[in-house]
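The following report takes up the ligand site of a model and then the packing of its helices.

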Amino acid sequence: MKFFIDTANLDQIREANDFGILDGVTTNPSLMAKEGIKGHDKVMQHYIDICNIVDGDVSAEVIATDFDGIIKEGLALAELHPQIVVKVPMIKDGIKAIRYFTDKGIKTNCTLVFSAGQALLAAKAGATYVSPFIGRLDDISYDGVELIQQIVNIYTIHGFETEVLAASIRNSMHIIKCAEAGADVVTCPLESILGLLKHPLTDIGLEKFLADHNK
Ligand code: G3P
């Protein structure tokens, strides 16, 4: 299972990359706004800066919601850097655009996915990644991890190559449950990744080893 970091914060991306477990980055317009990245040129430069930190795929989201607009923005994003994956919303024109990008050999990430039917359409259109938002489903008392399992099963049965990228991860347990469910990728806040490190018995054990060594 690949680990992506879900942020536009360069320091956090560097920290996760230096940690040695990072396979890629996902961003979205809200995450860019959170970092105060505004204006076309600054946004484009920020994507390049991210690509220069990590080796893996970097999802950059289109803002347009009509086919022509999505194509125009997506082509410009894809030209920025070979690591860019064009992130496209799960809407009718988005699916058409994913088919267009797929046929041109441009990688895509179909975002804002909340059902198996939507995931099926993304795979049919040839999306590289499909992004079910598990935290936002949990927020409204649907089981996000169950959706991951369902999509993984469907893709396995039918041999779809689209990778299941579990998004809207809120905690370390989400990461573990997604691993059990067979997600190909989890995209997480840094603190959820670092949470995987923690166990009180590790801390207690290390303290005792060091104390014994110093005796
Ligand atoms: O990757 C999608 C993610 O950024 C959404 O997360 O926490 O806003 O639901 P959240």
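## Ligand site

A polar side-chain atom of Asp-6 is placed 2.6 Å from an oxygen atom of the ligand, a polar contact being a pair of N or O atoms within 3.5 Å. The model is a predicted one, in which local features need pLDDT of at least 70 and side-chain atom pairs count only at pLDDT 80 or more, while totals for chains, interfaces and linings use all residues. Residues are numbered from 1 along each chain as its sequence is written, and side-chain values use heavy atoms, with hydrogens and water left out.

An oxygen atom of the ligand also lies 3.0 Å from a polar side-chain atom of Asn-28, and for Arg-136 the distance from a side-chain N or O atom to a ligand oxygen atom is 2.7 Å. The residues surrounding the ligand include Phe-133, Ala-167, Ser-168 and Arg-170, where a residue is near a molecule if one of its heavy atoms lies within 4 Å of it.

## Packing of H6 and H8

Helix H6 (residues 116-124) packs with helix H8 (residues 144-158) at an angle of about 40°, their axes being 10 Å apart; axes are lines fitted to C-alpha atoms over the stretch in contact, and angles run from 0 to 180 degrees between N-to-C directions. H6 and H8 are therefore oblique to each other, since angles under 35 degrees count as roughly parallel, over 145 as roughly antiparallel, 65 to 115 as roughly perpendicular and the rest as oblique.

## Packing of H8 and H9

The axes of H8 and helix H9 (residues 172-181) cross at roughly 25° and come within 9 Å, and H8 and H9 are therefore roughly parallel to each other.

Methods:
Helices (H or I, at least four residues) and strands (E, at least two) are DSSP runs, numbered from the N terminus. A polar contact is a pair of N or O atoms within 3.5 Å; within protein, one must be able to donate a hydrogen and the other to accept it, and residues adjacent in sequence count only if both atoms are side-chain atoms.
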